[in-house]
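User: I want to learn how to read a fold from its contacts and helices. Can you walk me through it?
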Amino acid sequence: MENIELIQKENKAVISVNPKIFPLEIIYSSAYVFLDKAYFVIDGDPKTKIKVIMKAKKKIGKEKLEELALEFHNEMVNYSSYAIQSAKNQAVREAIIKRALATNLGEEAAEEIAGEEEKAGGKAEKIDFSEEKDLYFDDPEGIAEPWTPEKAKGIKKPAKKQKKVC
Amino acid sequence: MCIKVDFGKGEVLLSINKTFYPKALVEQAIREMPLEGEISKKEEKGRVVLRVKPASGIDLEALGFEFFNYLLFLVKNKAG
């Protein structure tokens, strides 16, 4: 691969990373995952090209070294995806946490939070719990009444089984 | 290369890029890592250059890499 240079003699791989694709935070997080398997030195230019020097702690072959470097790449993709999703869900997460914390704070706090949500452009519909809806309704034909065997007409009830003694 | 081992003098030179490893964290790592021996520090062109001369019998290159790994640990934990 173009951006992975393997130096098998030194048990090292030099990985060139484009900081526009993978920011520094992603590189730190990905390297951190591999701290038990390899040594990491980060160098280069943070604006154009970041060099990640990875040296395996144990002596390994060329294929394994390349595999390790590619795993590091995968980890960067993994963290990038996580970071994007996390940024997308940030507003929702914050709203949920605020709601949860304000549950027992009373009306004033809830109104304050609702105001903040509106400012943030929240589109959640307000639910009016001030009046309880009447759950009862008219039943002129009497079909809403639950059916029980005792109320059945013209149906033979099954005979009760008697236990025979002797 | 960021790690240069001088076997003749029994020392290792670490050239640390301050953009990636802030100076404060480098100093913290020096305080916290059990680097027994002579340590000298100087700054040049956006880098901190450490010269570590530990007691004999220590793998100098491994010591240098361990220092960088510890720096990464500090950077990551500071960043969260």
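User: Among contacts in chain B between residues at least 6 apart in sequence, what percentage join residues at least 24 apart?

Analyst: A contact means two C-beta atoms, placed from the backbone, within 7 Å. In chain B, 63% of those contacts join residues at least 24 apart. A caution on sources: this is a predicted model, where local features need pLDDT of at least 70, side-chain atom pairs count only at pLDDT 80 or more, and totals for chains, interfaces and linings use all residues. Residues are numbered from 1 along each chain as its sequence is written, with chains lettered from A and ligands numbered from 1 in the order in which they are written.

User: Which pattern does chain B follow along the sequence?

Analyst: Helices (H or I, at least four residues) and strands (E, at least two) are DSSP runs, numbered from the N terminus. Chain B reads β-β-α-β-β-α. That is two helices and four strands.

User: Which residues of H2(A) are buried?

Analyst: First, the general idea. An α-helix has 3.6 residues a turn, so residues three or four places apart point the same way. Buried means 20 or more other C-beta atoms within 10 Å of a residue's own, again placed from the backbone (exposed: 12 or fewer; partly exposed: in between). Here Leu65(A), Ala69(A), Phe72(A), Met76(A) and Tyr79(A) are buried. Their cover includes strands S1 (4-7), S2 (12-17) and S4 (49-56) and helix H1 (24-33) of chain A.

User: How many residues of chain B are in contact with chain A?

Analyst: 13 residues of chain B contact 13 of chain A. Helix H2 (residues 60-79) of chain B gives the largest share of chain B's side, eight residues.
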